[in-house]
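Here's a quick briefing to read alongside the sequence and the 3D view.

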Amino acid sequence: MRVLDLIRFAIGALVGHRLRTVLSVAGVSVGIAAVIALTALGEGARRYVTGEFEALGANILIVIPGRVETTGAMPFGGVTHDLTLEDVRAMRGRLRNVLRVAPLAMGTETVRFGGLSRSLPVVGTTSDFREVRRVTMGSGSFLPEGDMDQGGNQVVLGTKAAEELFGSGNPLGQAVRIGEWRFRVIGVMAPRGRGLGFDFDDLVIIPVKTNLAMFNKTTLFRVFVEVDGADAMRAAEHELEGLMEERHRVKDVTVIAQDSVVQSFSSILGAMTLALAGIASVSLAVAGIGIMNVMLVSVSERRTEIGLLRALGAGKRQILIVFLVEAVMLSGIGGLLGLGIGLAAVAAFVEIYPAFPAVPPLWAIVTATVMSLGVGAVFGVLPARDAVRLDPVQALARR
Amino acid sequence: MIELINLCRTYRMGSEDVHALNEVTLQIDQGEHIAVVGPSGSGKSTLLNILGCLDRPTSGSYRFSGREVADIGEVELSLLRQRWIGFVFQFFHLLPRLDAVGNVEVPMIFSGVGREERRQRAQRALESVGLKHRFKHRPEELSGGERQRVAIARSVVMSPRLLLADEPTGNLDRHSAEEIMELIERMNAEGLTLIVVTHDPTVAKRAGRIIRLEDGRVAEGGADVRPQI
Ligand SMILES: Nc1ncnc2c1ncn2[C@@H]1O[C@H](COP(=O)(O)OP(=O)(O)OP(=O)(O)O)[C@@H](O)[C@H]1O
Ligand SMILES: [Mg+2]
């Protein structure tokens, strides 16, 4: 018995029943395409979020004023101290294994140049911020190093802010007004896009001391602490919490380790991808049942053919193989087609939203392909066995 | 070549037994041309199916070339049908998706004949039934007589010893029926054992021997009726 000839015979049967073939191939390809597209979106979301966090820099502790905890209320009726530049100075001075500490103050103010004005987020920080949040410059330089209590009138612009205020002109060295204050542009950041919470392209950065004075505040919005190496993270986090408790005499700040956030986001989104894959597999299973139905109909439609083949000396095993090959080919072709459609859909999606790194994970591609063949084999068995069991005498008898 | 002894085939219909074949005893020699006749429901098709090893007797013995068929396993039985027995049906049973050559190739596909040899043998078989110019025609593009000739080419392409035909001319006009009978008689003349079930007395008359079935039994003296020509 030549299996290749049986396969060729099965292909003939598939081509001979075009509508039936097209429908079941379509069913499987939709299922596979769904698996590919949905897992690609899930994986894209995971990469996007972890990428955002990783852009913050590695081994970062984030200090947030106020106690963000799921358990219990604030001690002592919710009295919180400001998170101040004094605290930052203490962190710099007293914590071991700390590379950089970057304070962050926030406000919104009108930024003017010539006749143009825009209301923009005004971020106050120090030169350390550049390393901590991995800022790259398009032109000019970032805030200069120096005493953070000095303040200063330098401003660094996001690309979009620069474009809107200066058009195609060169902003470097120009004077802008922020509120009533005068600043000199010393740099423009490279385009970066929206990060967690804020859009680096659409803001301005000034020295932290100036920012606090401008908005008449003493409290910082965040403090970023860069730790020397992942191994030191736990100890540094502990030490940082101890220091703040000692200074404020109460636990009134929250310290978040960047890594653990990335990890939990990554695992949540990984689980989401799996869930999407699961949902998509349901459509694959539906397609499988579709194939089974199509094959069962095909078996009963082709009763005479089966009876004839048996009369011509085809063995039960050969009949079984013919019908299984047909089912596997239906789903296999559907699988390949679905793979193509899915990948094309993902490519089109990325074309439209280039910022979203939608990529179908390799495991999804492999599993989907294997599954499409498996679906054919599994759901083809029942019809094939039906075909074999058929009594050739009855099958040939015309009623 | 064929020996049936007290062969019965019984169908169970509810609580009743239908004796499609009842105590049939027969002997058929290599190269004979036999017509099986009898009223509708007398068991002719049942007999042919058992002779073709598509159906098994309920009781009694069927010997094919000296071997008890009941002792032959499923796989070997398929091989027996493949190599030794050819079938021709009233309704042709051609596969509509295949052309004439493709249809004749089918039995060879399942017996593992190579592609090139298959095509050559199929074409030769079609030539021998006078369809040299119909190789690429599908069944729907052929007349009834031509279809039956394709079916005959298919049935003999494996060079069987026994050709079983169940009303092969039942769906054909007189002229085509004549042609078909001449064709299979020519093969009979070359040594093929021929068993033809028919309702048509003129077809039956051409046989070397007529077996008349009545109610599942071989009619009195039926096995020995010779046509008077
Ligand atoms: N699968 C079956 N189940 C029950 N009874 C059957 C079955 N097949 C045949 N029979 C019965 O067996 C008897 C013989 O049937 P068979 O088909 O052999 O007759 P036949 O001589 O070929 O008739 P016809 O000339 O109409 O083709 C009939 O009474 C029929 O009803
Ligand atoms: Mg009959």
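**A quick tour**

A:V366 is partly exposed, with a relative accessible area of 45%. Keep in mind that this is a predicted model. From that residue we'll go on to the ligand and then the aromatic rings.

**Surface patch**
- You'll find A:V366 in helix 11 (residues 362–389) of chain A.
- Together with A:L362 and A:V370, A:V366 makes a nonpolar surface patch of about 300 Å².

**Ligand 1**
- Ligand 1 sits between chains A and B.
- There are 14 residues around ligand 1, and the nearest are B:S40, B:G41, B:K44, B:S45 and B:T46.
- On the chain B side, an N or O atom in the B:T46 side chain is 2.5 Å from an oxygen atom of ligand 1, and for the B:H199 side chain the distance to a ligand oxygen atom is 3.0 Å.
- From chain A, a polar side-chain atom of A:Q394 lies 3.5 Å from a nitrogen atom of the ligand.
- On its own, ligand 1 exposes 630 Å², and the protein buries 67% of that.

**Aromatic pairs**
- Over all chains, the count comes to eleven aromatic pairs.
- A:F129 and A:F142 are stacked, because their ring centres are 6.3 Å apart and their planes are at 10°.
- A:F129 is in helix 4 (residues 128–132) and A:F142 in the loop between strand 4 (137–140) and strand 5 (154–157), so this pair ties together parts of chain A that are 13 residues apart in sequence.
- Both A:F129 and A:F142 are buried.
- B:Y62 and B:F64 pair edge-to-face, 6.5 Å centre to centre with 90° between the planes.
- B:Y62 counts as buried at 2% relative accessibility, and B:F64 does so at 4%.
- Ring pairs also link A:Y48, A:F349, A:Y353 and A:F356 into a cluster.

Methods:
Residues numbered from 1 in each chain as written. Chains lettered and ligands numbered in written order. Predicted model: local features only at pLDDT ≥ 70, side-chain atom pairs only at ≥ 80, totals over all residues. Heavy atoms only, no water. Patch = residues over 30% accessible without salt bridge, like charges linked within 9 Å, V, L, I, M, F, W, Y side chains within 5 Å. Areas by Shrake-Rupley, 256 points an atom, 1.4 Å probe, with all protein chains shown as cover. Salt bridge = Lys/Arg side-chain N within 4 Å of Asp/Glu carboxyl O. Helix = DSSP H or I, 4+ residues; strand = E, 2+ residues; numbered from the N terminus. Buried < 20%, exposed > 50% of the residue type's maximum accessible area, 1.4 Å probe, protein only. Near = heavy atom within 4 Å. Polar contact = N/O pair within 3.5 Å; in protein donor to acceptor, adjacent residues only side chain to side chain. Phe/Tyr/Trp six-rings, centres within 6.5 Å; stacked < 30°, edge-to-face > 60°.
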